[in-house]
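Colleague: I'd like to learn how to read a pocket and the strands around it. Could you walk me through a model?

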Amino acid sequence: MKIRQGTPDDIPAVLAMFDSAVAWLTARGRTGQWGSRPFTGDPRRTQQVTTWAESGGMRIADIGATPAGCLVVGSAHDYVTPAAEPELYVQALVIDRRHAGREVGRTLLDWAAQHARGLGVGLLRVDCYAGDDGRLVAYYESCGFTRAEPFTVGEWPGMLLHRRP
């Protein structure tokens with residue numbers, strides 16, 4: 001697996017990663033995280049991924065020549081409590097479901113922790129969907145994150161987590 005800088009050329013692949021994740025979640029009746037509609041073709045979602053690609057914070061995990069996952073780091077989202085110290089924030093993480101079970105997400109999160117250390121930053125934070133059965137929160141905990149505080153955006157339940165790189 002190789003992690004590289006994401007570019008605007010990756011936008012279709014990242015949208016397809018979200019599409020695969022949404023289809024997988026929807027098939028299991030779990031539409032609370034990202035809804036049930038594909039990201040591809042949605043102008044708002046396309047703009048979001050375009051902004052990430054242009055930000056310099058998007059990384060793509062390639063397996064062979066195939067994009068398998070995407071991580072975006074940058075500033076914290078405005079809906080979470082600001083950090084009391086310098087931080088690196090995971091703005092997004094998505095894995096193409098065709099590569100499930102190959103440690104793509106964990107590898108990208110480990111890259112983010114190493115990147116934070118390289119920047120001299122001692123705090124890595126992420127937020128995630130905390131509804132349904134809580135499996136996503138448990139996943140981040142299995143990757144070395146600790147629960148910091150729950151929050152809601154409208155009716156969307158979230159959990160803020162942190163990790164010390």
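Colleague: Which residues lie nearest the centre of the largest pocket?

Modeller: The general idea comes first: rolling a probe the size of a water molecule over the atoms shows where empty space is left. On a 1 Å grid over the protein atoms alone, a pocket is an open set of points where a 1.4 Å probe fits, with protein on both sides within 12 Å along at least five of seven lines, and lining residues have an atom within 4 Å of a point. Here, Gln-33, Trp-34, Leu-93, Leu-136 and Tyr-140 lie nearest the centre, out of 39 lining residues. This is a predicted model, where local features need pLDDT of at least 70 and side-chain atom pairs count only at pLDDT 80 or more, while totals for chains, interfaces and linings use all residues. Residues are numbered from 1 along each chain as its sequence is written, and side-chain values use heavy atoms, with hydrogens and water left out.

Colleague: How much space lies in the largest pocket?

Modeller: About 1100 Å³. That volume is the space filled by probe spheres set on the grid points, which are joined across faces, edges and corners.

Colleague: What is the lining made of, nonpolar, polar or charged residues?

Modeller: The lining has 23 nonpolar residues, seven polar and nine charged. Ala, Val, Leu, Ile, Met, Phe, Trp, Tyr, Cys and Pro count as nonpolar, Asp, Glu, Lys and Arg as charged, and the others, Gly among them, as polar.

Colleague: Which element gives the most to that lining?

Modeller: Elements are DSSP runs numbered from the N terminus: helices (H or I, at least four residues) and strands (E, at least two). β4 gives the most, with six residues. Elements supplying at least two lining residues each include α1 (11-27), α2 (43-55), β4 (88-95) and β5 (124-129).

Colleague: Is β4 buried or exposed?

Modeller: Buried means under 20% relative accessible area, exposed over 50%, and partly exposed in between (1.4 Å probe, protein chains only). Six of the eight residues of β4 are buried, so β4 is largely enclosed by the rest of the structure. For β5 it's six of six, so that strand is largely enclosed too.

Colleague: How do I read the strand pairing, and which strands does β4 pair with?

Modeller: Two strands pair if DSSP finds at least two bridges between them. β3 (residues 66-74) and β4 pair in the antiparallel sense over six bridges, with Cys-70 partnered by Val-94 in β4. β4 and β5 run parallel and are joined by three bridges; Leu-88 stands opposite Leu-124 in β5. The chain crosses from β4 through α3 to β5 in a right-handed β-α-β crossover (with the strands pointing away from the viewer, the path from the first strand over the helix to the second runs clockwise). On β5 there's also an antiparallel pairing with β7 (residues 156-163) over six bridges, where Asp-127 partners Leu-160.

Colleague: What is Asp-96 in contact with?

Modeller: Contact means heavy atoms within 4.5 Å. Leaving aside neighbours within four places in sequence, Asp-96 touches Met-17, Ser-20, Pro-67 and Ala-68. Asp-96 sits in the loop between β4 and α3 and is buried, at 4% relative accessible area.

Colleague: Which residues have a positive phi?

Modeller: Most residues other than glycine have a negative phi. Glu-103, among those with a positive value, has phi near 65°, and Asp-132 has phi near 55°. Glu-103 is in the loop between β4 and α3, partly exposed at 44%. Asp-132 lies in the loop between β5 and α4 and is partly exposed at 48%.
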